[in-house]
Amino acid sequence: MKDAKLAADYTKNVMSSAEGILPAEGDCNEQGVLKAIFARYLMDLVNDGKQEQYLVWLHKNGDVAWRNRDKNRNIMFRDYDVPCPVLTVQSFEASSAVGIMYIAYPMKK
């Protein structure tokens, strides 16, 4: 549990932006899904480890990605902090925020 929390806190506080937005991976399609994989394991920490403090962080990432989506196509991009490109977006690039939203929403009460 201690190591899992250290990894989650490091990702949030060091690897993410000052606002807590997860970093954009490289420019290759497969790298775009890494945040979704991370989020699945983070949700294990939330659910099994009762560490619900990470939910707000996941929701913020999903919300920022959705706000910056291409509104004509309703797709998101691997770099949540910037508007989604209007040209080609690869499948895994578009899916990471969907993966986060799928497992972390709706907000637990």
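## Salt bridges, charge and overall fold

Glu93 is buried, at a relative accessible area of 6%. The model that shows this is predicted. Glu93 falls under the 20% limit for a buried residue.

**The Glu93 contact.** Which residue does the side chain of Glu93 meet in a salt bridge? The partner is Arg78, with N and O 2.6 Å apart. Arg78 sits in the loop between H3 and H4, while Glu93 belongs to helix H4, so the pair ties together parts that are 15 residues apart in sequence. Arg78 is also buried, with 11% relative accessibility.

**The other salt bridge.** The search of the whole structure gives two salt bridges. Asp70 and Arg73 make one of them, and their closest N and O atoms lie 2.7 Å apart. Asp70 is buried at 6% relative accessible area. Arg73 is partly exposed at 37%.

The residues of both pairs are set out below, with relative accessible areas.

| Residue | Relative accessible area | Class |
|---|---|---|
| Asp70 | 6% | buried |
| Arg73 | 37% | partly exposed |
| Arg78 | 11% | buried |
| Glu93 | 6% | buried |

**Surface charge.** Where does positive charge gather in a patch? The patch is on the surface and consists of Lys12, Lys60, Arg67 and Lys71. Lys71 lies in the loop that runs between helix H3 (53-67) and helix H4 (91-104). Is Lys71 buried or exposed? Its relative accessibility is 53%, so Lys71 counts as exposed. The cut-off for that class is over 50%.

**Val82.** The loop between H3 and H4 also holds Val82. Val82 is partly exposed, with 31% relative accessibility. Glu19 is 63 residues away from Val82 along the chain. The C-alpha atoms of Val82 and Glu19 are separated by 13 Å.

**Overall fold.** How many helices and strands does the protein have? There are four helices and zero strands. Along the sequence the pattern reads α-α-α-α. The radius of gyration is 13 Å, close to the 13 Å that the globule rule gives for 109 residues, so the protein is as compact as a globular protein of that length. The C-alpha trace spans about 40 × 30 × 25 Å along its principal axes. Of the 109 residues, 39% count as buried.

How values were computed: Residues numbered from 1 in each chain as written. Predicted model: local features only at pLDDT ≥ 70, side-chain atom pairs only at ≥ 80, totals over all residues. Heavy atoms only, no water. Patch = residues over 30% accessible without salt bridge, like charges linked within 9 Å, V, L, I, M, F, W, Y side chains within 5 Å. Areas by Shrake-Rupley, 256 points an atom, 1.4 Å probe, with all protein chains shown as cover. Salt bridge = Lys/Arg side-chain N within 4 Å of Asp/Glu carboxyl O. Lys, Arg positive; Asp, Glu negative; His and termini not counted. Charge placed at Lys NZ, Arg CZ, Asp CG, Glu CD. Helix = DSSP H or I, 4+ residues; strand = E, 2+ residues; numbered from the N terminus. Buried < 20%, exposed > 50% of the residue type's maximum accessible area, 1.4 Å probe, protein only. Rg over C-alpha atoms; globule rule 2.2 N^0.38 Å.
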